[in-house]
Structures are given as structure tokens and as C-alpha cells.
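Good morning, and thank you for coming. Please look at the sequence and the structure on the screen while I speak.

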Number of protein chains: 2
Amino acid sequence: MIGPAQTPAPPYFAVIFTSIRNEQPGDGFDETDTQLFELAQQQPGYLGYESVGEAGVGITVSYWESEAAISAWKAVADHRAAQEQGRASWFDAYDVRVARVERAYSFGRDAS
Amino acid sequence: MIGPAQTPAPPYFAVIFTSIRNEQPGDGFDETDTQLFELAQQQPGYLGYESVGEAGVGITVSYWESEAAISAWKAVADHRAAQEQGRASWFDAYDVRVARVERAYSFGRDAS
């Protein structure tokens, strides 16, 4: 579980990654997931990351300054290797949606 | 856990709802969550719903045909009551982001 993310005022971009995992103990997914999060944070245009998993279904949302930043992140070598391993073994199915965040608002008990 | 959602070709809209819950047994959250999902499905312009929770952090993404459909859903009476109860008790914090899905792709082991 990672998040919630702190993001600037819109507009910015979101990648919504929804997955169905075939959860095999020791398949290396969790380690790679953590490494990718650390790697993403070093990417130009990275804004934030949220990831929650329950009963084999995962939703990860990453936030980016631009579509160019998303394309660059998709092409990073370690990320590409993870995408291939994801299709080969970790995921039974996934959806990737690239969206432009138009507006946002927050609630916080302490900030009220 | 609800999802993943089956959605049509973009463009369409997504509401990304990220929350931090103060999990109190018997606080009625789960029942309301299920009711809201059933209610959302009856709304004009509803396209899909995904919701995952882990360790008090939740990500719910709902998909809609238009921003007007999102505004109408936000104004539904039972939904408004849930929003108020959410701020009063269920959530310590949440973020709502409204985004326009520009492109999407899927992977499925059986569909390959």
C-alpha cells in the first residue's frame, strides 16, 4: 500500500493501472513493485503514486506533469522488463488508462 | 473489492477517489459503500466502477460518459448523505480527482 499522493493544482496527468494478479508466493512481484515505485520517483515529471491491492485486484495510480513524462516512464528499461514479466507471469489481466486530471479537491480532518 | 471495470473506447471521464479511513467495526461504511455502487450503476452515463481497500487506504475509480453525468451523480441525495457522513466519521482524509481518459489499453491472458 502506497499513498495517498500529494499533487499540485490541475491540470496534470494520471495513469490508472488496474490489474488482476495470479498471486504466487515468492514470484518477485512485491520486490519489483517497490523498486518501480522508487524508480518512478526519480523520473522527470513525476508527481505522485498510489497503490492498493485486495484479494488479487490492484489499483495503482501514478501522476505526471505531462504525457511526455508518461511516455518516458513507460520506456525506462527496468520498467519495460517489469511490463514483460507482468504479462508473462504476474498478471492475468490489466487495464491501463491515461487521463488528464481537470479538477481536484481534498478533505482532511486536521486541515478543516 | 469491486472491479475491474469494462469501459468503452475513450474519451470518457474518471473520478479517482482516494481515501484514508478510520476503520471502526460496525460504522456502516461497508453497507453504504455497497449501496452506493448499486445506485451508481443506475445513473445515466455510468460506465464502470473499481474499488480496492488495503490497510485503511482505499482507491475507488468510477467511470462516466460525461462531466454532466459526474455532477448529477454527486448531487444524488443518498450520495450526498454518504459524503456528509464520510466527512463526519468514516474518513480522516480524501482526495477527489476528475479526469478525462484520453487513451486506454488492456492485456488479458485469455484474449491474447
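A salt bridge is a side-chain nitrogen of Lys or Arg within 4 Å of a carboxyl oxygen of Asp or Glu. B:E67 forms one with A:R103, and their closest N and O atoms are 3.1 Å apart. The count between chain B and chain A is 6 salt bridges.

This is a predicted model, in which local features need pLDDT of at least 70 and side-chain atom pairs count only at pLDDT 80 or more, while totals for chains, interfaces and linings use all residues. Residues are numbered from 1 along each chain as its sequence is written, chains are lettered from A and ligands numbered from 1 in the order in which they are written, and side-chain values use heavy atoms, with hydrogens and water left out.

How many residues of chain B are in contact with chain A? There are 48, touching 48 residues of chain A, where contact means heavy atoms within 4.5 Å.

Let us turn to the strands. Strands (E, at least two residues) are DSSP runs, numbered from the N terminus, and two strands pair if DSSP finds at least two bridges between them. Strand β4 of chain A (residues 91-108) pairs with β4(B) in the antiparallel sense over 15 bridges. Within that pairing, A:D95 has B:S106 as its bridge partner.

Within chain B, strand β3 (residues 57-64) runs antiparallel to β1 (residues 12-21), joined by 8 bridges. There, B:T18 stands opposite B:I59. Strand β2 (residues 46-54) of chain B also pairs with β3(B) in the antiparallel sense, over 8 bridges, and B:E50 stands opposite B:V61.

How values were computed:
Helices (H or I, at least four residues) and strands (E, at least two) are DSSP runs, numbered from the N terminus.
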